[in-house]
Amino acid sequence: MVGGAQNLSDAELIAILLRTGTPKESAVDVAKRLLAVNGNSLNAVSSLTMNELTKIAGIGKVKAITLRAAFELGRRRRAEVIEDQKSIGSMEDVVEVMQSRMAETVHEEFWVIYVNQASVILNIERIGAGGLTATTVDVRLIIRKAIEVLATGIFLCHNHPSGNLKPSQQDIKLTHQICQAADLFNIRVFDHVIVCKNEGFSFY
């Protein structure tokens with residue numbers, strides 16, 4: 001590959017994953033069409049479900065799985081780079097760290113970022129996952145993990161698939177319960193952030 005993969009277009013890179021096209025189109029042509037119907041946005045393509053991908057002529061189940069796996073690896077690499085010795089100091093930092101984990105979820109998930117005295121990330125863990133509008137969270141699991149990793153502080157985070165950043169009464173009640181439990185162990189709850197795509201809402 002002359003010049004390396006960095007010199008290839010998005011369509012050419014996707015074509016390598018697809019390997020083959022259709023009787024009437026090359027793999028590059030299929031890749032170009034896939035991009036075109038998604039506004040030539042890799043982010044849009046990476047958000048497609050298996051069912052949506054296989055609706056594209058020339059992309060069967062195996063190719064769809066390959067594409068999903070490639071985008072997932074990219075997402076994990078990005079998350080790893082962001083989290084490497086990352087210090088959390090604001091709502092924007094929480095959104096940056098969590099957006100790659102939660103961007104494609106269509107149901108509510110609740111995560112906790114555990115930090116040390118310098119607010120450097122020690123661990124990030126999904127505590128609960130639920131339906132479209134709610135998730136179940138066990139406060140005991142949050143505190144136990146904080147003790148395990150010797151965290152002195154935590155950032156709470158969950159998503160609203162609806163796109164509405166306004167906290168529900170259940171969100172407010174849960175935040176209060178976690179703060180009460182954390183206070184017993186001298187663990188500080190720095191914030192609770194609702195994430196919707198690239199936006200966030202801070203409880204504090």
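This is a predicted model: local features need pLDDT of at least 70, side-chain atom pairs count only at pLDDT 80 or more; totals for chains, interfaces and linings use all residues.
Residues are numbered from 1 along each chain as its sequence is written, and side-chain values use heavy atoms, without hydrogens and water. Local features need pLDDT of at least 70 and side-chain atom pairs count only at pLDDT 80 or more, while totals for chains, interfaces and linings use all residues.

Helix α1 (residues 10–18) packs against helix α2 (residues 27–36) at an angle of about 120°, and their axes are 8 Å apart. On the α1 side the contact (heavy atoms within 4.5 Å) is made by Asp10, Ala11, Ile14, Ala15 and Leu18. On the α2 side Ala27, Val28, Val30, Ala31, Lys32, Leu34 and Leu35 take part. These residues divide into 10 nonpolar, no polar and two charged (Ala, Val, Leu, Ile, Met, Phe, Trp, Tyr, Cys and Pro count as nonpolar; Asp, Glu, Lys and Arg as charged; the others, Gly among them, as polar).

Aspartate 93 lies in helix α6 (residues 91–102). Leaving aside neighbours within four places in sequence, aspartate 93 is in contact with Lys86, Ser87 and Ile88.

A search of the whole structure finds zero disulfides (pairs of cysteine sulfur atoms within 2.5 Å). For cysteine 157 the nearest cysteine sulfur is that of cysteine 196, 9.8 Å away. For cysteine 179 the nearest is that of cysteine 157, 15 Å away.

Burial is listed below (buried: under 20% relative accessible area; exposed: over 50%; partly exposed: in between; 1.4 Å probe, protein chains only).

| Residue | Relative accessible area | Class |
|---|---|---|
| Aspartate 93 | 17% | buried |
| Cysteine 157 | 0% | buried |
| Cysteine 179 | 25% | partly exposed |

Definitions and conventions:
Axes are lines fitted to C-alpha atoms, for helices over the stretch in contact, and angles run from 0 to 180 degrees between N-to-C directions. Helices (H or I, at least four residues) and strands (E, at least two) are DSSP runs, numbered from the N terminus.
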